[in-house]
Amino acid sequence: MKTIDIIIPCYNEAAVFSKLRERLVELAAANPGFKWEFIFVNDGSRDKTLELIKDFAANDKQAKYINFSRNFGKETAMLAGLDYADGDAAVIIDADLQDPPELIPEMIKIWQTGVDDVYARRKSRAGESSLKKWTSSLYYRLLQTTTRVPIQIDTGDFRLLSRRCVLALREVRESNRNMKAIFSWVGYKKQEILYDRDARAAGTTQQGYGKLINLAIDGLTSFTTAPLRIAAVVGMVVTLVAFIWMIRVVVRALIFGPDTAGYPSLMSAILLLGGVQLLSLGVIGEYIGRIFIETKNRPLYFIEESNIKRANDD
(Lines give C-alpha, C1' and ligand atoms only; values in the text may rest on other atoms or scores of the structure.)
Protein backbone atom coordinates (compact mmCIF):
# COMPACT_ATOMS: atom_id res chain seq x y z
CA MET A 1 0.00 0.00 0.00
CA LYS A 2 1.44 3.37 -1.06
CA THR A 3 1.83 6.09 1.55
CA ILE A 4 0.75 9.65 0.70
CA ASP A 5 2.01 12.42 2.98
CA ILE A 6 -0.01 15.63 2.99
CA ILE A 7 2.05 18.59 4.22
CA ILE A 8 0.03 21.47 5.65
CA PRO A 9 1.88 24.62 6.82
CA CYS A 10 -0.22 26.36 9.49
CA TYR A 11 -0.06 29.88 10.87
CA ASN A 12 -3.04 31.13 12.90
CA GLU A 13 -5.50 28.79 11.18
CA ALA A 14 -7.77 28.03 14.15
CA ALA A 15 -10.82 29.52 12.40
CA VAL A 16 -10.62 27.08 9.50
CA PHE A 17 -9.07 24.04 11.19
CA SER A 18 -12.28 22.12 11.98
CA LYS A 19 -13.34 22.27 8.30
CA LEU A 20 -9.84 21.27 7.20
CA ARG A 21 -9.83 18.30 9.58
CA GLU A 22 -13.23 17.16 8.38
CA ARG A 23 -12.27 17.25 4.70
CA LEU A 24 -8.96 15.47 5.28
CA VAL A 25 -10.68 12.66 7.19
CA GLU A 26 -13.24 12.36 4.39
CA LEU A 27 -10.45 12.22 1.82
CA ALA A 28 -8.74 9.34 3.62
CA ALA A 29 -12.02 7.47 4.14
CA ALA A 30 -12.96 7.80 0.46
CA ASN A 31 -9.58 6.47 -0.68
CA PRO A 32 -8.74 3.41 1.47
CA GLY A 33 -6.33 2.07 -1.12
CA PHE A 34 -3.61 4.37 0.22
CA LYS A 35 -2.04 4.96 3.61
CA TRP A 36 -2.49 8.63 4.53
CA GLU A 37 -0.40 10.83 6.80
CA PHE A 38 -1.27 14.44 7.52
CA ILE A 39 1.85 16.40 8.48
CA PHE A 40 0.93 19.73 10.07
CA VAL A 41 3.76 22.24 10.44
CA ASN A 42 2.78 24.83 13.04
CA ASP A 43 4.76 27.92 12.12
CA GLY A 44 4.65 29.76 15.43
CA SER A 45 0.88 30.28 15.53
CA ARG A 46 -0.40 32.64 18.22
CA ASP A 47 -3.97 31.33 18.33
CA LYS A 48 -5.26 27.83 19.21
CA THR A 49 -3.93 26.18 16.04
CA LEU A 50 -1.42 24.00 17.91
CA GLU A 51 -4.05 22.85 20.43
CA LEU A 52 -6.38 21.83 17.62
CA ILE A 53 -3.58 19.99 15.81
CA LYS A 54 -2.66 18.10 19.00
CA ASP A 55 -6.30 17.15 19.56
CA PHE A 56 -6.47 15.79 16.01
CA ALA A 57 -3.25 13.83 16.53
CA ALA A 58 -4.50 12.42 19.84
CA ASN A 59 -7.62 11.02 18.17
CA ASP A 60 -6.28 10.02 14.76
CA LYS A 61 -2.96 8.27 14.20
CA GLN A 62 -2.87 9.64 10.65
CA ALA A 63 -2.25 13.15 12.03
CA LYS A 64 1.36 14.15 12.65
CA TYR A 65 2.71 17.53 13.65
CA ILE A 66 5.85 19.63 13.84
CA ASN A 67 5.79 22.68 16.08
CA PHE A 68 8.42 25.33 15.33
CA SER A 69 10.14 27.19 18.15
CA ARG A 70 8.96 30.43 16.50
CA ASN A 71 7.61 31.74 13.21
CA PHE A 72 10.11 30.90 10.45
CA GLY A 73 7.84 31.52 7.45
CA LYS A 74 5.78 29.38 5.13
CA GLU A 75 8.67 28.60 2.78
CA THR A 76 10.66 27.07 5.63
CA ALA A 77 7.57 25.28 6.95
CA MET A 78 7.16 23.53 3.62
CA LEU A 79 10.80 22.40 3.74
CA ALA A 80 10.34 21.02 7.26
CA GLY A 81 7.34 19.05 6.06
CA LEU A 82 9.39 17.63 3.22
CA ASP A 83 12.21 16.78 5.64
CA TYR A 84 9.80 14.63 7.65
CA ALA A 85 7.79 13.18 4.77
CA ASP A 86 8.90 9.58 4.27
CA GLY A 87 6.01 8.36 2.13
CA ASP A 88 5.96 7.37 -1.53
CA ALA A 89 4.64 10.80 -2.51
CA ALA A 90 3.99 14.11 -0.77
CA VAL A 91 1.29 16.71 -1.36
CA ILE A 92 1.70 20.32 -0.25
CA ILE A 93 -1.55 22.14 0.45
CA ASP A 94 -2.55 25.32 2.28
CA ALA A 95 -4.62 25.08 5.46
CA ASP A 96 -7.17 27.68 4.30
CA LEU A 97 -8.92 25.22 1.92
CA GLN A 98 -8.53 27.50 -1.09
CA ASP A 99 -6.91 24.44 -2.66
CA PRO A 100 -9.43 21.56 -2.53
CA PRO A 101 -8.14 18.30 -0.97
CA GLU A 102 -10.66 16.46 -3.16
CA LEU A 103 -8.35 17.12 -6.14
CA ILE A 104 -5.59 14.97 -4.64
CA PRO A 105 -6.89 11.57 -5.93
CA GLU A 106 -6.74 12.94 -9.47
CA MET A 107 -3.18 14.07 -8.83
CA ILE A 108 -2.32 10.58 -7.60
CA LYS A 109 -3.62 9.03 -10.83
CA ILE A 110 -1.30 11.27 -12.86
CA TRP A 111 1.63 10.51 -10.53
CA GLN A 112 1.06 6.78 -11.01
CA THR A 113 1.70 7.21 -14.74
CA GLY A 114 5.30 8.23 -13.95
CA VAL A 115 5.00 12.00 -13.41
CA ASP A 116 7.19 13.39 -10.61
CA ASP A 117 5.57 16.79 -10.05
CA VAL A 118 1.82 17.19 -10.54
CA TYR A 119 1.23 20.92 -10.05
CA ALA A 120 -2.20 22.54 -9.81
CA ARG A 121 -2.64 25.52 -12.11
CA ARG A 122 -5.40 28.00 -11.30
CA LYS A 123 -8.11 28.64 -13.88
CA SER A 124 -9.78 31.15 -11.57
CA ARG A 125 -9.05 32.65 -8.16
CA ALA A 126 -12.14 33.36 -6.04
CA GLY A 127 -11.96 35.80 -3.16
CA GLU A 128 -8.88 37.68 -4.42
CA SER A 129 -8.73 41.27 -5.57
CA SER A 130 -8.06 42.22 -9.17
CA LEU A 131 -4.85 43.94 -8.04
CA LYS A 132 -3.52 40.77 -6.41
CA LYS A 133 -4.38 38.67 -9.47
CA TRP A 134 -2.72 41.18 -11.80
CA THR A 135 0.46 41.57 -9.73
CA SER A 136 0.74 37.79 -9.31
CA SER A 137 0.44 37.23 -13.05
CA LEU A 138 2.96 40.00 -13.73
CA TYR A 139 5.45 38.54 -11.25
CA TYR A 140 5.33 35.02 -12.68
CA ARG A 141 5.82 36.29 -16.21
CA LEU A 142 8.65 38.57 -15.13
CA LEU A 143 10.38 35.69 -13.35
CA GLN A 144 9.88 33.43 -16.35
CA THR A 145 11.37 36.07 -18.66
CA THR A 146 14.43 36.84 -16.55
CA THR A 147 15.54 33.33 -15.60
CA ARG A 148 16.64 30.29 -17.58
CA VAL A 149 14.56 28.04 -15.33
CA PRO A 150 11.10 27.28 -16.83
CA ILE A 151 8.66 28.73 -14.29
CA GLN A 152 5.07 27.43 -14.16
CA ILE A 153 2.64 30.33 -14.67
CA ASP A 154 -0.34 30.88 -12.31
CA THR A 155 0.80 28.04 -10.08
CA GLY A 156 1.15 28.04 -6.31
CA ASP A 157 2.44 25.51 -3.80
CA PHE A 158 -0.43 23.03 -4.24
CA ARG A 159 1.18 20.00 -5.89
CA LEU A 160 2.03 16.33 -5.56
CA LEU A 161 5.72 15.38 -5.52
CA SER A 162 7.27 11.98 -6.12
CA ARG A 163 9.77 10.50 -3.68
CA ARG A 164 12.77 11.52 -5.75
CA CYS A 165 11.43 15.07 -6.02
CA VAL A 166 11.11 15.22 -2.24
CA LEU A 167 14.68 13.99 -1.79
CA ALA A 168 15.95 16.54 -4.31
CA LEU A 169 14.13 19.41 -2.58
CA ARG A 170 15.67 18.40 0.76
CA GLU A 171 19.09 19.11 -0.71
CA VAL A 172 18.26 22.78 -1.37
CA ARG A 173 19.03 24.44 1.98
CA GLU A 174 19.33 28.12 1.04
CA SER A 175 18.04 30.65 3.58
CA ASN A 176 16.24 33.00 1.18
CA ARG A 177 13.70 30.55 -0.16
CA ASN A 178 11.13 30.80 -2.91
CA MET A 179 9.66 27.34 -3.18
CA LYS A 180 7.65 28.10 -6.30
CA ALA A 181 10.89 28.73 -8.18
CA ILE A 182 12.73 25.88 -6.43
CA PHE A 183 10.05 23.40 -7.55
CA SER A 184 10.85 24.41 -11.13
CA TRP A 185 14.62 24.45 -10.58
CA VAL A 186 14.90 20.79 -9.49
CA GLY A 187 13.35 19.68 -12.78
CA TYR A 188 12.00 16.13 -13.30
CA LYS A 189 8.87 15.24 -15.22
CA LYS A 190 6.03 17.70 -14.56
CA GLN A 191 2.39 17.87 -15.54
CA GLU A 192 -0.25 20.45 -14.74
CA ILE A 193 -3.78 19.92 -13.54
CA LEU A 194 -6.30 22.77 -13.88
CA TYR A 195 -8.68 23.78 -11.11
CA ASP A 196 -10.76 26.67 -9.82
CA ARG A 197 -9.30 28.10 -6.64
CA ASP A 198 -11.86 28.72 -3.90
CA ALA A 199 -12.07 31.60 -1.48
CA ARG A 200 -10.85 31.00 2.07
CA ALA A 201 -13.17 28.70 3.98
CA ALA A 202 -12.82 30.87 7.10
CA GLY A 203 -10.51 33.40 8.72
CA THR A 204 -8.31 35.96 6.99
CA THR A 205 -5.20 35.58 4.86
CA GLN A 206 -1.82 35.68 6.60
CA GLN A 207 -0.01 36.68 3.40
CA GLY A 208 -0.12 40.48 3.25
CA TYR A 209 1.31 42.52 0.41
CA GLY A 210 4.50 43.14 2.40
CA LYS A 211 5.23 39.42 2.68
CA LEU A 212 4.34 38.88 -0.96
CA ILE A 213 6.71 41.65 -2.06
CA ASN A 214 9.53 40.15 0.01
CA LEU A 215 8.81 36.73 -1.51
CA ALA A 216 8.87 38.21 -5.01
CA ILE A 217 12.22 39.90 -4.35
CA ASP A 218 13.62 36.63 -2.97
CA GLY A 219 12.48 34.83 -6.12
CA LEU A 220 14.08 37.35 -8.46
CA THR A 221 17.39 37.60 -6.60
CA SER A 222 17.65 33.85 -5.94
CA PHE A 223 17.16 32.65 -9.50
CA THR A 224 18.38 35.40 -11.78
CA THR A 225 21.02 38.11 -12.00
CA ALA A 226 18.78 40.16 -14.32
CA PRO A 227 18.41 43.07 -11.83
CA LEU A 228 22.20 43.45 -11.76
CA ARG A 229 22.38 43.39 -15.53
CA ILE A 230 19.55 45.91 -15.83
CA ALA A 231 21.36 48.21 -13.39
CA ALA A 232 24.56 47.85 -15.43
CA VAL A 233 22.76 48.60 -18.71
CA VAL A 234 20.98 51.63 -17.23
CA GLY A 235 24.33 52.83 -15.86
CA MET A 236 25.97 52.52 -19.28
CA VAL A 237 23.11 54.35 -21.04
CA VAL A 238 23.13 57.17 -18.51
CA THR A 239 26.92 57.44 -18.72
CA LEU A 240 26.74 57.63 -22.52
CA VAL A 241 24.07 60.33 -22.41
CA ALA A 242 26.04 62.27 -19.81
CA PHE A 243 29.20 62.04 -21.92
CA ILE A 244 27.37 63.34 -25.01
CA TRP A 245 25.87 66.15 -22.94
CA MET A 246 29.33 67.05 -21.59
CA ILE A 247 30.75 67.31 -25.11
CA ARG A 248 27.84 69.51 -26.12
CA VAL A 249 28.44 71.82 -23.15
CA VAL A 250 32.20 72.10 -23.86
CA VAL A 251 31.72 72.77 -27.59
CA ARG A 252 29.01 75.34 -26.87
CA ALA A 253 31.28 77.11 -24.37
CA LEU A 254 34.18 77.22 -26.87
CA ILE A 255 32.02 78.67 -29.64
CA PHE A 256 29.65 80.97 -27.79
CA GLY A 257 31.49 81.52 -24.53
CA PRO A 258 30.49 80.33 -21.05
CA ASP A 259 26.79 80.12 -20.36
CA THR A 260 26.00 80.93 -16.73
CA ALA A 261 22.33 80.04 -17.13
CA GLY A 262 21.36 76.40 -17.01
CA TYR A 263 20.98 75.80 -13.29
CA PRO A 264 17.77 73.76 -13.79
CA SER A 265 19.35 71.48 -16.38
CA LEU A 266 22.46 71.04 -14.20
CA MET A 267 20.42 70.08 -11.16
CA SER A 268 18.28 67.73 -13.25
CA ALA A 269 21.39 65.94 -14.49
CA ILE A 270 22.84 65.67 -10.98
CA LEU A 271 19.61 64.31 -9.53
CA LEU A 272 19.21 61.84 -12.39
CA LEU A 273 22.75 60.50 -12.02
CA GLY A 274 22.40 60.36 -8.24
CA GLY A 275 19.13 58.46 -8.49
CA VAL A 276 20.57 55.91 -10.91
CA GLN A 277 23.59 55.40 -8.64
CA LEU A 278 21.44 54.86 -5.55
CA LEU A 279 19.18 52.47 -7.44
CA SER A 280 22.18 50.47 -8.64
CA LEU A 281 23.65 50.38 -5.14
CA GLY A 282 20.30 49.18 -3.80
CA VAL A 283 20.23 46.29 -6.28
CA ILE A 284 23.82 45.35 -5.46
CA GLY A 285 23.00 45.63 -1.76
CA GLU A 286 20.15 43.11 -2.11
CA TYR A 287 22.55 40.52 -3.52
CA ILE A 288 25.28 41.28 -0.98
CA GLY A 289 22.74 41.00 1.84
CA ARG A 290 21.72 37.56 0.64
CA ILE A 291 25.36 36.49 0.38
CA PHE A 292 25.85 37.69 3.97
CA ILE A 293 22.88 35.65 5.21
CA GLU A 294 23.92 32.50 3.34
CA THR A 295 27.51 32.63 4.64
CA LYS A 296 26.23 32.41 8.23
CA ASN A 297 25.00 28.89 7.44
CA ARG A 298 22.46 28.94 10.26
CA PRO A 299 19.93 26.12 10.67
CA LEU A 300 16.77 26.94 8.75
CA TYR A 301 14.43 26.09 11.63
CA PHE A 302 14.20 24.66 15.14
CA ILE A 303 11.49 22.28 16.33
CA GLU A 304 10.02 22.75 19.78
CA GLU A 305 8.05 19.51 19.73
CA SER A 306 6.80 16.86 17.34
CA ASN A 307 5.05 13.49 17.42
CA ILE A 308 7.06 12.24 14.43
CA LYS A 309 9.82 9.88 15.48
CA ARG A 310 12.82 9.38 13.23
CA ALA A 311 15.78 7.05 13.50
CA ASN A 312 18.28 9.86 14.20
CA ASP A 313 16.11 11.70 16.75
CA ASP A 314 17.17 11.76 20.39
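User: What percentage of the 314 residues in the protein is buried?

Analyst: Taking buried to mean under 20% relative accessible area, with over 50% called exposed and the range in between partly exposed (1.4 Å probe, protein chains only), buried residues make up 45% of the 314 residues. This is a predicted model, in which local features need pLDDT of at least 70 and side-chain atom pairs count only at pLDDT 80 or more, while totals for chains, interfaces and linings use all residues. Residues are numbered from 1 along each chain as its sequence is written, and side-chain values use heavy atoms, with hydrogens and water left out.

User: How many helices and strands are there in the protein?

Analyst: Helices are DSSP runs of H or I with at least four residues, strands are runs of E with at least two, and both are numbered from the N terminus; the protein has 10 helices and 8 strands.

User: How should I read the packing of helix 1 and helix 2?

Analyst: Two packed helices are described by the angle between their axes and the distance between the axes. The axes are lines fitted to C-alpha atoms, for helices over the stretch in contact, and the angles run from 0 to 180 degrees between N-to-C directions. Helix 1 (residues 14-30) and helix 2 (residues 49-59) have axes 9 Å apart at an angle of about 25 degrees. Angles under 35 degrees count as roughly parallel, over 145 as roughly antiparallel, 65 to 115 as roughly perpendicular and the rest as oblique, and helix 1 and helix 2 are therefore roughly parallel.

User: Which residues of helix 1 and helix 2 meet?

Analyst: With contact meaning heavy atoms within 4.5 Å, Ala 14, Phe 17, Arg 21 and Val 25 of helix 1 meet Thr 49, Leu 52, Ile 53, Asp 55, Phe 56 and Asn 59 of helix 2.

User: At what angle do the axes of helix 3 and helix 6 cross?

Analyst: The axes of helix 3 (residues 74-83) and helix 6 (residues 163-170) cross at roughly 125 degrees and come within 9 Å, and these two helices are therefore oblique to each other. Leu 79, Leu 82 and Asp 83 of helix 3 make the contact with Val 166, Leu 169 and Arg 170 of helix 6.

User: Where does Ile 303 lie, and which residues does Ile 303 touch?

Analyst: Ile 303 lies in strand 8 (residues 303-306) and is partly exposed, with a relative accessible area of 30%. Leaving aside residues up to four places away in sequence, Ile 303 touches Ile 66, Asn 67, Phe 68, Ser 69 and Tyr 84.
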